[in-house]
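The following report examines selected local features of the structure shown below.

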Amino acid sequence: PSGSLNNALRSVRCSSPLGAPSGVDRRPRRRVDGARTYCCPPAAAAAAARWLGREYHRRLEGHTRPMVRFPDDLPQDLWVEICDFTAQSALSHVCRWLWRLLRHRHHKLHLKGDQMSHWVERCRDKVRSADLVVRELKDEHTLAALKLCGGLQTLVLDLFANQVGPIGAEALAGLRYSTALHTLKVNLSANRIKDTGARALAMLKDTPALCVLHFDLSGNQIGDTGARALAMVKDTPALHILHLDLSGNQIGDAGAQALAMLKDSTTLHTLSLDLLANYKIDWIGSLALAVLRDSTTLQTLDLKVQDRSELFG
């Protein structure tokens with residue numbers, strides 16, 4: 001290989017043992033504002049980021065091979081596009097210039113509850129994706145600060161056993177005002193949010209761009225009222241993938257019948273619904289859930305309900 005990212009990006013094929021990227025159309029195109037931009041296919045963007053990351057780590061490990069030379073004519077928006085597509089921070093560590101351009105865009109962190117507000121204040125203007133594990137959360141209202149991250153597109157939030165409660169769930173519901181948020185995965189297992197918290201979380205159905213929603217709400221003392229509220233996420237305008245873990249709660253037949261109405265969603269194509277260890281669900285609720293297979297839009301259905309076969313001898 002030439003060692004030049006310029007040549008790697010120009011080439012259609014490259015026999016480099018490092019797996020240099022290919023397929024980027026480098027012909028400049030004019031936007032409405034007259035600025036120069038490039039078309040970067042997703043596969044090429046991912047390959048470029050992986051290659052640059054490997055080059056960076058080779059340098060750290062003391063290899064004598066020269067560091068890759070960066071092209072001078074690639075615009076900043078292409079580097080940003082590559083970084084945002086991979087949703088990884090590795091590219092920002094390649095050199096100082098990229099560090100200044102890309103830092104704070106993608107995070108994977110373990111935080112204490114009292115550090116949340118400081119992190120939001122430092123990164124809210126640039127962060128695009130965040131994978132956060134939060135422990136020792138003492139003030140549930142702290143979670144409300146997340147709605148200040150106006151450009152946040154992907155949020156993975158682990159709040160396992162933090163005693164978030166209904167107040168914290170209501171604070172999280174403020175994310176519905178995030179116009180850029182398209183992927184939300186929250187672990188709220190063992191937080192005692194109860195029906196009140198479930199109703200608050202159901203307000204996330206008003207998030208305009210949300211297309212992937214994962215909720216782990218196991219062990220939260222949620223009953224039929226909370227299940228009816230959560231069923232309303234079917235009205236989320238852009239929702240394609242929904243994962244609801246409601247195992248270990250107090251949902252009965254009425255709640256199961258309400259959740260069966262998820263079949264009426266006009267956008268949902270993947271549904272995972274876990275209702276294990278909800279011992280109040282009898283055969284009436286199980287039969288009601290069976291109608292999910294009749295959905296006209298669902299392509300993938302993963303349904304888990306407690307086995308009640310002992311009722312029939």
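## Strand pairing around S5

Leu-132 has Leu-157 of strand S5 as its bridge partner. Helices (H or I, at least four residues) and strands (E, at least two) are DSSP runs numbered from the N terminus, and two strands pair if DSSP finds at least two bridges between them. S4 and S5 pair in the parallel sense over five bridges. S5 and S6 likewise pair in the parallel sense, over five bridges, with Asp-158 standing opposite Asn-187 in S6.

Strand S5 spans residues 154-158. Its covered face consists of Leu-155 and Leu-157, whereas Thr-154, Val-156 and Asp-158 form the uncovered one.

## Basis of the values

The model is predicted: local features need pLDDT of at least 70 and side-chain atom pairs count only at pLDDT 80 or more, while totals for chains, interfaces and linings use all residues. Residues are numbered from 1 along each chain as its sequence is written, and side-chain values use heavy atoms, with hydrogens and water left out.

## Helix H5

Helix H5 comprises residues 116-123, of which Met-116, Trp-119, Val-120 and Cys-123 are buried. They lie on the same side of H5 because they cover an arc of only 100° around the axis, the arc being that of the directions from the helix axis to the C-beta atoms. Buried means under 20% relative accessible area, exposed over 50%, and partly exposed in between (1.4 Å probe, protein chains only).

The buried residues of H5 pack against strand S3 (106-112) and strand S4 (129-135); contact means heavy atoms within 4.5 Å. The face turned away from the buried side of H5 carries the exposed residues His-118 and Glu-121.

## Arg-176

Arg-176 is located in the loop between helix H6 (165-172) and strand S6 (183-187). The side chain of Arg-176 reaches the backbone oxygen of Ala-173 at 2.9 Å. Not counting residues up to four places away in sequence, Arg-176 touches Met-203, Leu-204, Asp-206, Thr-207 and Pro-208.

## Ala-231

The loop between helix H8 (224-230) and strand S8 (241-245) contains Ala-231. Ala-231 counts as buried because its relative accessibility is 3%.

Ala-231 touches Ala-258, Leu-259 and Leu-262, not counting residues up to four places away in sequence. Ala-231 and Ala-258 are 27 residues apart along the chain, and their C-alpha atoms are separated by 6.2 Å.

Technical notes: A polar contact is a pair of N or O atoms within 3.5 Å; within protein, one must be able to donate a hydrogen and the other to accept it, and residues adjacent in sequence count only if both atoms are side-chain atoms.
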